[in-house]
Amino acid sequence: MEEFEDLVPQPDDDGRMELTYRAWTEVDDVVWTMGRTLVFLDVSFNAITDIPEELGDLYQLKELNLACNHIKSLPSSLGKLIKLQQLRANGNNLTEIPEEIGKCKSLKLVHFNENKLIGVPSSLSECGRLEALRLQNNNISGLPHQLATLPIKEIDVSNNNDLDMVPKQMRGNSEIIMWILKNHHENSLKLLLVEQSNMAMFKLLEDSEEGIKECKKEIVHLTNKRTDLQVEKANLHVYFAIMSVAKLVGCSIM
């Protein structure tokens with residue numbers, strides 16, 4: 001989109017740039033060169049279908065609004081935006097959230113409602129400051145229990161018909177959702193402890209069986225050695241007996 005470069009404004013004194021309602025199908029390349037100055041970027045209400053890896057070059061970004069476009073996926077470079085506090089990507093065609101979102105440690109608000117998401121990555125639980133999460137009107141069938149560890153005050157999962165872990169009438173109730181997640185999280189931790197205990201028992205049993213095999217080998221070895229020593233002892237008795245007789249015979253002759 002180089003021919004439109006002169007139409008792209010520079011960020012204002014606060015680092016804010018609004019590029020809405022331009023009918024863009026892609027973000028002008030010049031935007032990705034503004035990493036030093038761009039703090040707030042709004043490209044909502046366009047027809048954008050793709051966000052390139054260059055998104056990660058906007059390392060000063062605190063707010064990113066991609067809402068109401070036709071975006072099918074977000075780049076893994078999203079994880080480079082370590083200062084990002086607000087991410088709005090609602091009203092798109094997203095089917096998944098990149099795992100790298102967990103590297104955006106400053107995130108406080110995330111909007112992924114009105115997409116085609118089928119799941120939520122557990123890495124989102126690494127965003128330890130997350131307070132608001134909107135996921136309504138997707139195809140999500142489950143939520144990672146690790147979200148229970150976050151200080152979330154607002155969470156909405158309404159109109160996700162396959163989300164059986166949350167009763168339909170409760171999917172807009174943040175308190176109930178977090179309570180359910182907390183219970184799932186506690187049960188998962190208990191299950192993990194049981195699995196770890198089972199693995200330790202299997203390891204102990206395996207070590208015991210291996211130890212028994214080694215002991216049996218050692219017993220056989222010692223038994224064979226004992227037999228060899230007994231034979232050697234018997235041979236020594238014979239040898240000494242012969243020597244004794246030989247000495248007596250020699251004495252008699254003399």
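Buried means under 20% relative accessible area, exposed means over 50%, and partly exposed lies in between (1.4 Å probe, protein chains only). This is a predicted model, in which local features need pLDDT of at least 70, side-chain atom pairs count only at pLDDT 80 or more, and totals for chains, interfaces and linings use all residues. Residues are numbered from 1 along each chain as its sequence is written, and side-chain values use heavy atoms, with hydrogens and water left out.

**Figure 1. The chain as a whole.**
The chain holds 1 helix and 7 strands. Helices are DSSP runs of H or I with at least four residues, strands are runs of E with at least two, and both are numbered from the N terminus. The order from the N terminus is β-β-β-β-β-β-β-α. The chain has 254 residues, and 36% of them count as buried. Its accessible surface comes to about 15,500 Å², with 55% belonging to carbon and sulfur atoms. These areas come from the Shrake-Rupley method with a 1.4 Å probe; for residues, only the protein chains shown count as cover. A contact means heavy atoms within 4.5 Å. Of the contacts with a separation of 6 or more, 27% are between residues 24 or more positions apart.

**Figure 2. A negative surface patch that includes Asp50.**
Glu26, Asp29, Asp50, Glu53, Glu54 and Asp57 form a negative surface patch. Patch residues have over 30% relative accessible area and no salt bridge; like charges are joined within 9 Å, and nonpolar side chains (Val, Leu, Ile, Met, Phe, Trp, Tyr) within 5 Å. Asp and Glu count as negative, Lys and Arg as positive; His and the chain ends are not counted. The place of a charge is CG of Asp, CD of Glu, NZ of Lys or CZ of Arg. Asp50 sits in the loop between strand 2 (40–42) and strand 3 (63–65). Its relative accessible area is 42%, so Asp50 is partly exposed.

Side chains of opposite charge can pair when their charged atoms come close. A salt bridge is a side-chain nitrogen of Lys or Arg within 4 Å of a carboxyl oxygen of Asp or Glu. The whole structure has 2 salt bridges. In one of them, Lys105 pairs with Glu126, and the closest N and O atoms are 3.7 Å apart. Lys105 is in the loop between strand 4 (86–88) and strand 5 (109–111), and Glu126 is in the loop between strand 5 and strand 6, so the pair ties together parts that are 21 residues apart in sequence. Lys105 is partly exposed at 42% relative accessibility. Glu126 is partly exposed at 43%.

**Figure 3. The Glu154–Arg134 salt bridge.**
Glu154 and Arg134 meet through their side chains in a salt bridge of 2.8 Å, N to O. Glu154 belongs to strand 7 and Arg134 to strand 6; the pair links distant parts of the chain, 20 residues apart. Glu154 is partly exposed, with 32% relative accessibility. Arg134 is also partly exposed, at 30%.

**Figure 4. Gln136 and its contacts.**
Gln136 is in the loop between strand 6 (132–134) and strand 7 (154–156). With a relative accessible area of 13%, Gln136 is buried. Leaving out residues up to four places away in sequence, Gln136 touches Asn113, Glu114, Asp156, Val157, Ser158 and Asn160.

**Figure 5. Pro75 and its contacts.**
Pro75 lies in the loop between strand 3 and strand 4. Pro75 is buried, at 5% relative accessibility. Pro75 and Glu53 are 22 residues apart in sequence, but their C-alpha atoms are 5.4 Å apart in space. Beyond residues up to four places away, Pro75 touches Ile51, Pro52, Glu53, Leu55 and Pro98.

**Figure 6. Leu19 and its contacts.**
Leu19 is in the loop between strand 1 and strand 2. Its relative accessible area is 0%, so Leu19 is buried. Setting aside neighbours within four places in sequence, Leu19 contacts Pro9, Trp24, Val31, Leu41, Asp42, Val43, Ser44 and Asn46.

Tyr21 is not a glycine, although its phi is positive, about 50°. Tyr21 lies in the loop between strand 1 (16–18) and strand 2. Tyr21 is exposed, with a relative accessible area of 61%. Phe45, a residue other than glycine, has a positive phi near 55°. Phe45 is in the loop between strand 2 and strand 3. Phe45 is partly exposed, with a relative accessible area of 39%.
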